[in-house]
Amino acid sequence: PDMYPGNCWAFKGSQGYLVVRLAIKIYPTAFTLEHIPKAVALTGNITSALKNFAVYGLDDEYQEEGKLLGEYVYDEAGEPLQTFPVMVSLDDKIQSVR
């Protein structure tokens, strides 16, 4: 609901995934990721920020494998809000992303 430290989707360990089911099927063009800025981080760093990640398009949230839409790197030295374009063209709309 806000950008205060601790109000986030935290993952245990160094890997995890999140599936988001969309209200309608779409052709996505980009994905945006936001992390708190270093200036408001309790430790003065954001080493907990997502680094390397991939986004997959799914027909539904239960699908095991989907279509790779892109592989990205969140830049800790960049802006807190970063947008990443879809790297492939889609033949069909998708209902969920992972």
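Visitor: How many helices and how many strands does the secondary structure of the chain come to?

Guide: This is a predicted model. Its secondary structure comes to zero helices and six strands. Read from the N terminus, the elements run β-β-β-β-β-β.

Visitor: What box do the C-alpha atoms of the chain fill, and what percentage of the residues count as buried?

Guide: Taken along the principal axes, the box is roughly 45 × 25 × 25 Å. The chain has 98 residues, and 23% of them count as buried. The chain exposes about 7300 Å², of which carbon and sulfur atoms supply 54%.

Visitor: Among contacts between residues at least 6 apart in sequence, what percentage join residues at least 24 apart?

Guide: A contact requires heavy atoms within 4.5 Å. Among the contacts you describe, 61% join residues at least 24 apart. Gly-66 and Arg-98 illustrate separation in sequence and in space: they are 32 residues apart in sequence, with their C-alpha atoms 8.3 Å apart.

Visitor: Where is the place of Gly-66, and which residues does Gly-66 touch?

Guide: Gly-66 belongs to the loop between strand 3 (52-58) and strand 4 (67-73). Leaving aside residues up to four places away in sequence, Gly-66 touches Tyr-56, Gly-57 and Leu-58. Its relative accessible area is 28%, so Gly-66 is classed as partly exposed.

Visitor: Is Ser-96 buried or exposed?

Guide: The term buried applies under 20% relative accessible area. Ser-96 has a relative accessible area of 0% and is therefore buried. This residue is in strand 6. Residues up to four places away in sequence again being excluded, Ser-96 touches Val-19, Val-20, Arg-21, Tyr-56, Gly-57, Leu-58, Asp-60 and Glu-61.

Visitor: How many salt bridges does a search of the whole structure find?

Guide: The criterion is a side-chain nitrogen of Lys or Arg within 4 Å of a carboxyl oxygen of Asp or Glu. The search finds one salt bridge. Glu-76 forms a salt bridge with Lys-51, and the closest N and O atoms are 3.5 Å apart.

Visitor: Why does this pair tie together parts that are 25 residues apart in sequence?

Guide: Because Glu-76 lies in the loop between strand 4 and strand 5, while Lys-51 lies in the loop between strand 2 (30-34) and strand 3, the pair links parts of the chain with that separation. Glu-76 is partly exposed at a relative accessible area of 25%. Lys-51 is also partly exposed, with a value of 35%.

Visitor: Which residues form the negative surface patch?

Guide: A patch of this kind joins like charges within 9 Å, using residues that have over 30% relative accessible area and no salt bridge. Here the negative patch is formed by Asp-59, Asp-60, Asp-91 and Asp-92. Asp-92 has its place in the loop between strand 5 (81-85) and strand 6 (94-97), and is exposed at a relative accessible area of 56%.

Visitor: How far apart are the mean positions of the positive and negative charges of the chain?

Guide: The chain carries 8 positive and 13 negative charges, and their mean positions are 2 Å apart.

Visitor: Which residues form a nonpolar patch on the surface?

Guide: Trp-9, Phe-11, Leu-18 and Val-20 form such a patch, and together they have about 410 Å² of accessible area. Leu-18 lies in the segment before strand 1 (20-26). With 32% relative accessibility, Leu-18 counts as partly exposed.

Note on methods
Residues are numbered from 1 along each chain as its sequence is written. This is a predicted model: local features need pLDDT of at least 70, side-chain atom pairs count only at pLDDT 80 or more; totals for chains, interfaces and linings use all residues. Side-chain values use heavy atoms; hydrogens and water are left out. Patches are made of residues with over 30% relative accessible area and no salt bridge: like charges are joined within 9 Å, nonpolar side chains (Val, Leu, Ile, Met, Phe, Trp, Tyr) within 5 Å. Accessible areas come from the Shrake-Rupley method with a 1.4 Å probe; for residues, only the protein chains shown count as cover. Lys and Arg count as positive and Asp and Glu as negative; His and the chain ends are not counted. The place of a charge is taken as NZ of Lys, CZ of Arg, CG of Asp or CD of Glu. Helices (H or I, at least four residues) and strands (E, at least two) are DSSP runs, numbered from the N terminus. Buried means under 20% relative accessible area, exposed over 50%, partly exposed in between (1.4 Å probe, protein chains only).
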